[in-house]
Amino acid sequence: MAGVVLFTLYLYTLTQYALAAETNCSRIFHSAVISNGKLYIDGGEMHTRWPNETITTKPIDDLETIDLTKSWVNSDTDLYTYIPKPLANNTAIYLDEGAAWSDGDNLFFYGGYVSGVNGPSVPPLGTWKYNIASNEWTHNGFSGAALVRLCQGGAVQSSSKAYYLGGSLNPGGNPSFAGTAGADVYMDPGLITLDMDKQEWTNASTADMNEWGTIGDGYTSLLESAGEEGAIVAFGGYKYSVGQTLSYLAYRQNETIHRV
């Protein structure tokens, strides 16, 4: 009997050690979109806690899915499906705080910046498309491409159009000034639109988006029943005048007057 108890305790110790060896405590800065009953999760970073209480950070370089048509719990070992990306020659990329949309057949990825912890080099500007059925990636065939890569903006969509409102301009997402001494993160106003059928970008910014027409890390929703093409509603997050740098924002984070 003592041998049985000892063996049980040994197994329990091994199990507890295995559980304590590594704990993925949070994933941050990723984008996500639902298409045909599946949740697609892209980019971002995973924080892992180790037995000595240290936390390491790793950028996620694959595309992960969860089947929402089935019942599941977080502890299911087969909860995620991992889709490798062809990263050579920037055929596919992985970034923090990007945006994701879907037209039902394809996923579209725009915006973001490279992870500061073992992240890739800053990729060229572009929009990436993933065809779900063929498992193929491309960044070719887009017209009217955005001149910069934004992050922290509001991303919403209708069935055929994707919208990106406001956000900020990060050197880690733009090869033209990545690594430039003194380069900082700037607030950016405006609204850009991607026609997913035509793969065409347009700038829908107006004069009403003046120096205070900015929003970062807020919530954005599309009310399709309003007007001919719907109305975009945004709230929450923060705003600062165009041209304010992130270092200045961080210095004044205790102020509440710029929260919306």
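Strand β2 gives the largest share of the lining of the second largest pocket, four residues; strands here are DSSP runs (E, at least two residues), numbered from the N terminus. The model is predicted, with local features requiring pLDDT of at least 70 and side-chain atom pairs pLDDT 80 or more, while totals for chains, interfaces and linings use all residues. Residues are numbered from 1 along each chain as its sequence is written, and side-chain values use heavy atoms, without hydrogens and water.

The second largest pocket has a volume of about 460 Å³. Among its 20 lining residues, G98, G153, G154, A155 and G218 are the closest to its centre. The elements giving two or more residues to this lining are β2 (31-35), β8 (99-102), β13 (154-157) and β19 (219-223). A pocket is an open set of points on a 1 Å grid over the protein atoms alone, with protein on both sides within 12 Å along at least five of seven lines; lining residues have an atom within 4 Å of a point.

A cavity is a set of such points where a 1.4 Å probe fits but cannot get out. There are two cavities of 30 Å³ or more, a volume being the space filled by probe spheres set on points joined across faces, edges and corners. The largest cavity holds about 130 Å³, and D42, I93, F109, Y110 and G111 lie nearest its centre among 15 lining residues. The second largest cavity, of about 60 Å³, is lined by Y110, L125, G126, T127, A145, A146, V148, R149 and W201.
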